[in-house]
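Please open the structure in your viewer and keep the selection panel at hand.

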Amino acid sequence: MSTVTRTDADPDPDSDSAEGRHAGASSAPRGADSHDLIRVHGARENNLRNVSVEIPKRRLTVFTGVSGSGKSSLVFDTVAAESQRLINETYSAFVQGFMPTLARPDVDVLDGLTTAIIVDQQRMGADPRSTVGTATDANAMLRILFSRLGRPHIGSPKAFSFNVASISGAGAVTVERGGKTVKERRSFSITGGMCPRCEGRGRVTDIDLTQLYDETKSLAEGALAVPGYKSGGWNHRLYSESGFYDPAKPIREFTETELHDFLHREPTRMKIAGINMTYEGLVPRIQKSMLSKDREAMQPHIREFVDRAVTFTPCPDCGGTRLSEAARSSKIKGVSIADACAMQISDLAEWVRGLDEPSVAPLLTSLRDTLDSFVEIGLGYLSLERPAGTLSGGEAQRVKMVRHLGSALTDVTYVFDEPTTGLHPHDIQRMNELLLRLRDKGNTVLVVEHKPEVIAIADHVVDLGPGAGTAGGRVCFEGTVEGLRSGGTVTGRHLDDRAALKEQVRKPTGALEIRGATANNLRDVDVDIPLGVLVVVTGVAGSGKSSLLHGSLPAGAGVVSVDQAPIRGSRRSNPATYTGLLEPIRKAFAKANGVKPALFSANSEGACPNCNGAGVVYTDLAMMAGVATTCEECEGRRFEASVLEYRLGGRDISEVLAMPVSEAEAFFAEGEARTPAAHRVLQRLSDVGLGYLTLGQPLTTLSGGERQRLKLATHMAEKGGVYVLDEPTTGLHLADVEQLLGLLDRLVDSGKSVIVIEHHQAVMAHADWIIDLGPGAGHDGGRIVFEGTPSDLVTTRPTLTGEHLAKYVGT
């Protein structure tokens with residue numbers, strides 16, 4: 001039998017008060033409580049220059065700096081990327097084989113990480129079947145609700161889904177039973193909610209046949225007007241040599257059978273010029289080859305043809321609801337699921353609140369919380385049927401936030417990419433409260449942001465810079481907001497900048513008339529938009545700004561629209577290829593050396609044969625992250641050695657692509673390399689503040705603000721007298737906004753009319769004319785609540801915009 005000898009150091013066993021126990025615990029802190037920092041040492045992703053920072057946990061840290069300074073590289077490509085990679089590694093190798101492979105960021109030390117939840121500005125997919133309801137859990141919960149309470153009862157939740165078709169079948173199946181093979185008859189049926197006419201898309205396409213061909217001509221005379229169907233090409237020969245009709249006969253003289261074969265014949269195998277081919281009617285062939293693609297991914301001439309030849313109309317069978325007649329017939333208190341999805345979410349939340357059904361109480365509670373989160377985050381004006389692809393970047397980001405607001409998780413790292421994008425100053429305060437609430441639940445909140453209102457609430461600020469691209473990638477300041485103000489960095493100097501109202505505004509030279517605009521939530525709006533001046537259209541998120549400008553401007557008004565759609569491009573794309581700059585450069589090299597232009601393309605004949613012009617060789621390692629190594633043949637220059645012997649102005653093509661825009665602008669301006677076409681493009685890139693970008697930098701490495709300005713520079717080449725810009729300050733630092741205002745002034749002074757959809761008060765103050773929509777969002781908006789000069793708006797303060805602008809300019 002063992003005995004325990006008590007020493008004087010032992011606590012009194014009778015002293016069991018809570019106070020005594022806690023005192024003992026506090027005198028010897030646990031090692032687990034010391035991990036209160038995320039440490040990053042030696043980060044080198046993209047343009048980061050051995051960056052080392054220590055980010056406090058359970059605090060709100062804002063990362064700021066000029067566009068392209070390395071904020072996203074540090075927060076998203078280093079901290080968040082490593083967190084996600086480590087979580088993925090906890091799964092088995094089999095499961096990892098089905099997951100995207102992530103490489104370890106280029107960093108020396110990265111510890112103290114917690115689970116990262118990324119809420120970025122990636123636009124939601126443009127899939128026509130994706131809606132706000134399907135992208136969140138709201139539609140799934142509604143379908144269960146109607147399958148339980150809807151009358152008449154029509155089936156399971158699938159019966160209310162527009163993504164599930166109704167199918168049935170029967171037949172014989174062979175089964176082994178008791179050592180014998182037995183044939184049995186089986187039948188099955190699935191009741192889905194998909195409208196059979198539009199297949200759950202809500203819209204049907206109507207093709208204008210007059211845009212496909214000229215019926216007065218024969219095929220031999222070139223009747224086809226579809227891009228890529230020129231005489232002599234295989235697409236044309238498929239029809240002219242099919243043998244179903246006479247290619248020398250005008251199309252309007254075709255018999256009914258010939259016209260059907262020409263336009264609608266089912267796929268038929270045949271030989272043309274000794275080659276096996278599949279013949280198909282012109283209409284289904286165009287539908288498969290062109291209409292099934294995302295419009296934004298099409299080449300410009302194809303997109304122009306599709307816009308001209310195809311009209312999208314609401315499905316006549318389902319009225320655009322996407323649902324079958326049976327799904328629309330089942331109702332709860334007189335409301336069908338189609339009616340519920342069409343309601344404004346704030347109204348739908350009230351309707352759900354009025355349902356009192358104990359049998360589905362947990363479901364109603366969860367649905368109410370989800371819908372209330374939409375309203376709380378400022379998206380109560382949306383409806384669940386709204387296509388996800390039509391949401392702006394800011395709206396998409398806030399929709400993703402909905403699922404995290406009510407989460408019980410703590411000690412999580414939330415990473416936000418400019419959460420105030422698309423928000424009116426009135427809504428920014430609400431967003432700030434949400435960020436603080438996430439922090440106060442015990443989470444680490446990392447925010448990449450430019451707005452002073454968000455920087456002001458930070459517990460900790462990391463300022464990167466001092467410049468962009470190769471001039472950035474360093475930590476210029478780390479500390480409190482007050483320290484940033486006095487720190488002398490670019491951000492600190494501009495933090496309290498305020499644009500003043502103009503003393504003299506420009507006089508309009510005309511007006512663009514909009515009459516009876518009813519797109520989306522607009523209430524029969526009549527407005528005259530002044531021309532020859534800088535016009536700013538503003539209002540709270542969801543008030544109808546984009547509907548007014550993108551959905552209601554009269555056709556043929558010479559409008560060049562620069563929206564927020566993301567620019568597309570692979571790692572082979574760069575500013576030179578995207579802007580069309582590479583074309584005149586290749587021709588200049590070819591002319592100077594007496595060879596073909598194709599030699600100077602890394603995607604064509606001049607590509608290094610070892611890496612196919614990529615500059616790196618990729619090794620796939622299955623479920624492990626792939627490895628990219630610099631090509632040994634071309635040493636990362638992407639071209640074969642013989643091409644690099646050809647020079648222009650003493651430089652080879654790889655050296656030209658390594659130049660920054662500012663250097664290339666001087667290079668192509670004069671001397672042997674003088675190329676006016678290239679110089680014009682480079683001037684536009686400098687005008688939008690991208691002088692530091694290298695011509696060959698992959699598009700995939702550009703920040704959001706850089707992509708926005710690259711797109712603006714490209715559109716500035718288009719012929720048109722009216723520019724419509726959708727929130728051009730997105731992703732721009734306070735210092736860059738000043739440069740943008742100078743660019744807008746130069747555009748107007750050159751005779752253009754500039755109309756800007758914008759929330760940034762500096763742009764509003766700089767305007768010649770303001771059109772304010774509201775007063776609220778959704779069905780509470782859609783009206784013009786103010787038209788006039790910024791000084792009139794500040795003086796009278798008739799709207800929320802007026803109040804915030806007056807506060808901004810200090811009147």
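What follows is a walk through a predicted model, one selection at a time.

Begin with the cysteines, bearing in mind that a search of the whole structure finds 0 disulfides. Select Cys195 together with Cys198, whose sulfur is the nearest cysteine sulfur to that of Cys195 and lies 3.7 Å away; because a disulfide requires sulfur atoms within 2.5 Å, Cys195 is in no disulfide. Cys195 is buried, with a relative accessible area of 2%. Next select Cys611 and Cys634, where the sulfur of Cys634 is the nearest cysteine sulfur to Cys611, at 3.8 Å, and Cys611 again is in no disulfide. Cys611 also counts as buried, at 6% relative accessibility.

Turn now to the salt bridges, of which the structure holds 34. Select Arg186 and Glu184, whose closest N and O atoms are 3.1 Å apart; Arg186 is partly exposed at 43% relative accessibility, and Glu184 is partly exposed at 21%.

Move on to helix H12 (residues 345-353), where Glu350 and Arg353 sit 3 residues apart, separated by about one helical turn, and form a salt bridge with closest N and O atoms 2.9 Å apart. Here Glu350 counts as exposed at 51%, whereas Arg353 is partly exposed at 37%.

In helix H21 (residues 582-593), select Glu583 and Arg586, also 3 residues apart, whose salt bridge has its closest N and O atoms 2.6 Å apart. Glu583 is partly exposed at 36% relative accessibility, while Arg586 counts as buried at 17%.

Finally, select Lys502, Arg506, Asp745, Asp749 and Asp768 together, which are linked in a network of salt bridges.

Technical notes: Residues numbered from 1 in each chain as written. Predicted model: local features only at pLDDT ≥ 70, side-chain atom pairs only at ≥ 80, totals over all residues. Heavy atoms only, no water. Buried < 20%, exposed > 50% of the residue type's maximum accessible area, 1.4 Å probe, protein only. Salt bridge = Lys/Arg side-chain N within 4 Å of Asp/Glu carboxyl O. Helix = DSSP H or I, 4+ residues; strand = E, 2+ residues; numbered from the N terminus.
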